[in-house]
Amino acid sequence: MNESSGTPVGRRVVLGMLGLGAAGVAVGPHLQRVVEAVTSRDPTGLSDLVPGGGGFRYYSVVASVPGRTAADYELRIDGLVDRPATLRLADLEALPQTRIVHDVQCVTGWRVPATPFEGVRLSLLLERAGVRDGAAAVRFSCFDGAYGESLTLDQARRDDVLVALRMQDRPLGHAHGGPVRLYVAPMYFYKSAKWLSGITVTPEVRPGYWERLGYDVDAWVGRSNGRDDAPTG
Ligand SMILES: Nc1nc2c(c(=O)[nH]1)N[C@H]1C(S)=C(S)[C@@H](COP(=O)(O)O)O[C@H]1N2
Ligand SMILES: [Mo]
């Protein structure tokens, strides 16, 4: 699916899609794909109201995001490392893949149970890059040009933190942050940066996009942001 081109969807079109969204859920995958194509670049925020595929909502803080494919995708790993690297999609695919099945929980309340994510453990990429003394955190950047996230080095080295290439047992589509997104299983979904383009090892945590607007930097599900959601499993 390629929603990279075209103008942002106007408010009226999105409102029209709200009805179609309900139909899409009832009618099945074809209409659902149409809804995905529109809501993934909705600049109005109204598509938050449309249930996405399998209970997901689609979020972007910018009006449109360029598409990247295996031909032009690159992930840059730099900062306080001995071996900075630029990885192509094929490089990531060639590394050992880990599959995690875990609930997804957004801080706005919606949850999608038992969602499979698959990709390369972030800990493996950090190990290959060689983290230097003085490093304490990891900063993530995105090719949407706006979003960013961060983890402490201890959090980043957890087994349940992936540089994900697949979600729901399919390659990550553009709407969900493909071809590569971060997946931080035990934390609210805003930590899982979509359209991942950079991993920078840093001396201190640099708060991410939503964190500068008030969200907690340590975003454990059920233990942050003043919420008491049941832990995800
Ligand atoms: N680049 C980028 N990543 C992002 C976001 C975003 O707006 N831009 N939103 C975050 C939030 S708040 C959530 S809930 C999830 C939504 O992921 P989805 O669109 O695949 O459902 O992505 C997270 N990662
Ligand atoms: Mo979210």
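Me: How many helices and strands does the protein have?
Reply: Helices (H or I, at least four residues) and strands (E, at least two) are DSSP runs, numbered from the N terminus. Counted in this way, the protein has five helices and ten strands.

Me: Which conventions apply to the numbering and to the model?
Reply: Residues are numbered from 1 along each chain as its sequence is written, while chains are lettered from A and ligands numbered from 1 in the order in which they are written. This is a predicted model, in which local features need pLDDT of at least 70, side-chain atom pairs count only at pLDDT 80 or more, and totals for chains, interfaces and linings use all residues.

Me: What is the mean pLDDT of the protein, and which residues have a pLDDT below 50?
Reply: pLDDT is the predictor's confidence in each residue, from 0 to 100. The mean for the protein is 83, and 77% of its residues reach 70 or more.

Me: What share of the 233 residues is buried?
Reply: A residue is buried if 20 or more other C-beta atoms lie within 10 Å of its own, exposed if 12 or fewer, and partly exposed in between, with C-beta atoms placed from the backbone. By that rule, the buried share of the 233 residues is 38%.

Me: In what order do the five strands of the open sheet lie?
Reply: Strands of a sheet pair through backbone hydrogen bonds, either parallel or antiparallel. Two strands count as a pair here if DSSP finds at least two bridges between them. The pairing in this open sheet is mixed, and the order of its five strands is 2-1-10-5-6.

Me: Why is one side of strand 2 and of strand 6 left without a neighbour in the sheet?
Reply: Strand 2 (85-87) and strand 6 (148-152) stand at the edges, so one side of each has no neighbour in the sheet. The reason is that each has a single partner strand.

Me: Which residue stands opposite G79 in strand 10?
Reply: Strand 1 (residues 75-79) and strand 10 (residues 196-202) run parallel and are joined by four bridges. Across this pairing, the residue in strand 10 opposite G79 is V201.

Me: Which residue in the turn between strand 5 and strand 6 has a positive phi?
Reply: Strand 5 (residues 137-142) pairs with strand 6 in the antiparallel sense over five bridges, and S141 has G148 as its bridge partner. The two strands form a hairpin with five residues between them. In the turn, the residue with a positive phi of about 80° is G145.

Me: What is the bridge partner of V101 in strand 4?
Reply: Strand 3 (residues 98-105) and strand 4 (residues 111-121) run antiparallel, joined by seven bridges. Their hairpin has five residues between the strands, and G109 there takes a positive phi near 120°. The partner of V101 is P116.

Me: Is A114 buried or exposed?
Reply: A114 is in strand 4 and has a positive phi of about 40° although it is not a glycine. Because 10 other C-beta atoms lie within 10 Å, A114 is exposed.

Me: How far apart in space are R121 and L162, C-alpha to C-alpha?
Reply: R121 is found in strand 4 and is buried, because 21 other C-beta atoms lie within 10 Å. Not counting residues up to four places away in sequence, R121 touches T98, D159 and L162. R121 and L162 are 41 residues apart in sequence, and their distance in space is 4.5 Å.

Me: Which peptide bond is cis, with omega near 10°?
Reply: P179 lies in the loop between strand 8 (170-171) and strand 9 (181-184). The cis bond is the one from G178 to P179.

Me: How many residues surround ligand 1?
Reply: A residue is near a molecule if its C-beta atom, placed from the backbone, lies within 6 Å of it. The closest are Y59, Y147, F189, Y190 and K194. The number that surround ligand 1 is 18.

Methods. Contact = placed C-beta atoms within 7 Å.
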